[in-house]
Structures are given as structure tokens and as C-alpha cells.
Amino acid sequence: MRHMALGWMSAAVLGLCLAGCGGAPQGGEPDVAAAEAASAPADVAGALAGALTFHASFDNGVDADRAAGDPRLYTAPSYEEQDQAEPGLGNPAVSVVEGAGRFGHALRFAERNQHAIFYRADGNSGYSPEGWSGTVSFWLRLDPATDLAPGFCDPIQITDAAYNDAAIWVDFTAENPRQFRLGVFGDVEVWNPDGLGPNDNPAFDDRLTVVDDWPFAGDRWTHVAVTYAGLGRPGGAASLYLDGERVPGDADDIDEPFTWDVERGAIRLGVNYAGLFDELSLFDRPLTDDEVRALHALEGGVAALSTE
């Protein structure tokens, strides 16, 4: 079992996020404080657009609106059977719901998803074994305490193998009161040569950022962003952001290689997840704190960026 406990930010900052950073009621127009809803300055918007490699709004179906690689969404019975993947949504419990998104439409996972639902990472993620940097951004809407079935839930994983082997992910822990965590792990045989379980291995904890007092709720959208720099080289690090604010306690000193079978590299969506998911975007570099705040505040979402 994967488990650890830490905090993330002061009650004052969390209160500001809860008061001013939430999304619209389901099916309604966004109700965001004026300061948050303002468009990003042109120079920041241009920088974001220039770094964007992948964007799936789900407003025009499940395939990506913009992709540096394959834009299609795939489904397979499981990740062990990923070679059986077919384009499109193959789990009837997962659907695009009109008007339910943070912006436009959204993916709804009506019950715990145990299918493999993914985009191919090759090209879209910017992965390189010589040094991998980037940002992944998306929005979630759920009450973790009531919407999730018992067990770990990973709204996103980016890997070719497993959660502990050359992977980036965020998860909710298995039982209430749940924690929300960022995990970043290189090649498992390098960081965990003795094959220790997570609860018995400090090296596992060192690669986590953990949130106890998260802002997720069933009546609001929460923005999640992860930036990562230099993975696969000594000193690799990653940061977690919620509603535009960096969570204290970066995952750092991630020195091991990140080695993929690139053909199996996948941007995995909704592993054991139930809830709404919207606006998946990837960028080819770690965004700055100011850029993540601007991304969170974009009026109209990533589709508002000029990508010409």
C-alpha cells in the first residue's frame, strides 16, 4: 500500500482558493472572481501557447484538439492488455457530457474506471531519456470522500509501465480521510534495488508531495498542474500546484534514469477514478509560478490561447 502524511499550505491561502478559485456549478456558466477570470497578459498567453504540445478540451469529442503526436484517445481492457487498444471510448461508464465541463464539455467517469483509457505519450509528452521536462495541467470535479470507491485512484499517470517505474502521477490514497499526492519515480530497479514495499522505503516518500487539506469538492472545479524538470538526470524535480498555487514540499533529488519503451508510453486517464475530468494540456517545459497562475485564470481555458 502506498501511504504517507504531510501538509501543504496555510489555512489562509486555502481559504482564498476555496473562495475565489472554484469553477461553475455543473452545466452552468463559470462563476469566477473577476481577478481570476481576467485574460492572461498577451506576453504570458503567447509563452503558454508556444510551449503547448497537447490539448484535449473534450468539446469536439474525445480526440485531442491539438497534439504533437497521435491525437486519438484509446481504450483497452487493462494496461496489461494495452496492445489490444482501440481508438475511442470503450468503457460505457465513461462519456463526454455536454456543458458539464470547466469549459464546455467534460469527461465523466460515472463509476470506478478499471479500463485502460489513454493518449499515446510519444510526441505529446515531450519524453526524452536524456532529460525530460514539462508541465501537465487538468481540472477535476469530485468529492473524494463520497465519489471514489475504496482503493487508490490516479486521475492521471504518465508512464510506459507502472506507477513506481518511470512514472509521473497524482493520486488519492485508498481510504478516508484521503490524501492527494504527486509521485515522480524513475526506473524502479535503480531507486528501489531491494524491491522494498512503499511503506518500508524512505526513497518512496522522498519522491512524493502530499496534500492533506485539499480543495476538491463535488460542487466546484479544482485545477491541478504538475511541473517537472530534468527527469532522467541528477537533480530531477517536480512541483504540484492546486488552483494556481504551488504546494510546499517539491519532489526533488530524483536522480535515476527514466527509461521507456516509447511505443507503450501512455498518458493514462482516470485510473480507478470516478468524477468529472476536463481540459487536459501538456507543455514542453516547466511553467513558472506566474504562468501556472495565468493558466489557472484563463478565461475560456486553454482554447483561448493563440496557437497559430
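The largest cavity is lined by F103, S137, W139, H223, E279, L295, L298, G301 and V302. About 40 Å³ of space lies inside this cavity, and the count of cavities of 30 Å³ or more comes to one. The model is predicted. It covers a protein of 308 residues, 54% of which count as buried.

**Cavity lining**
- By class, the residues around the largest cavity divide into five nonpolar, three polar and one charged.
- E279, one of the lining residues, is found in strand β18, which spans residues 275-283.
- E279 has a phi near 55 degrees, a positive value in a residue other than glycine.
- E279 counts as buried because its relative accessibility is 2%, and buried means under 20%.

**Largest pocket**
- The largest pocket has a volume of about 330 Å³.
- Its lining has 16 residues, and Y79, E80, Q157, R268 and V271 are the closest to the pocket centre.
- Two elements give two or more residues to this lining: β9 (153-159) and β17 (266-271).
- The lining of the largest pocket is made up of six nonpolar, six polar and four charged residues.

**Nonpolar cores**
- The largest nonpolar core has 49 residues, and L269, F277 and L280 have the most contacts inside it.
- Apart from neighbours within four places in sequence, L269 is in contact with F58, L73, Y79, L107, F109, N113, I117, Y119, P155, I156, F277 and L280.
- In soluble globular proteins, nonpolar side chains tend to be buried together.

**Helix α3 and its cover**
- Helix α3 runs over residues 42-51, and its buried residues include A45, L48, A49 and A51.
- An α-helix has 3.6 residues a turn, so residues three or four places apart point the same way.
- The cover over the buried residues of α3 includes the strands β1 (52-56), β2 (66-67) and β18, along with helix α7 (289-297).
- β18, part of that cover, is also the strand that holds E279.

**Backbone exceptions**
- The peptide bond from N176 to P177 is cis, with omega near -5 degrees.
- P177 sits in the loop that joins β10 (167-172) to β11 (180-185).
- A166 is not a glycine, yet it has a positive phi of about 50 degrees.
- A166 lies in the loop between β9 and β10.
- A166 is buried, because its relative accessible area is 0%.

**Overall figures**
- The secondary structure comes to seven helices and 18 strands.
- Of the contacts between residues at least 6 apart in sequence, 70% join residues at least 24 apart.
- The accessible surface of the protein comes to about 12000 Å², and 49% of this belongs to carbon and sulfur atoms.

Terms used. Residues numbered from 1 in each chain as written. Predicted model: local features only at pLDDT ≥ 70, side-chain atom pairs only at ≥ 80, totals over all residues. Heavy atoms only, no water. Core = buried A, V, L, I, M, F, W, Y, C linked by side-chain atoms within 4.5 Å. Buried < 20%, exposed > 50% of the residue type's maximum accessible area, 1.4 Å probe, protein only. Contact = heavy atoms within 4.5 Å. Helix = DSSP H or I, 4+ residues; strand = E, 2+ residues; numbered from the N terminus. Areas by Shrake-Rupley, 256 points an atom, 1.4 Å probe, with all protein chains shown as cover. 1 Å grid on protein atoms, 1.4 Å probe; cavity = no way out; pocket = protein on both sides within 12 Å on 5 of 7 lines; lining within 4 Å. Points joined across faces, edges and corners; volume = space filled by probe spheres on them. Nonpolar A, V, L, I, M, F, W, Y, C, P; charged D, E, K, R; others polar.
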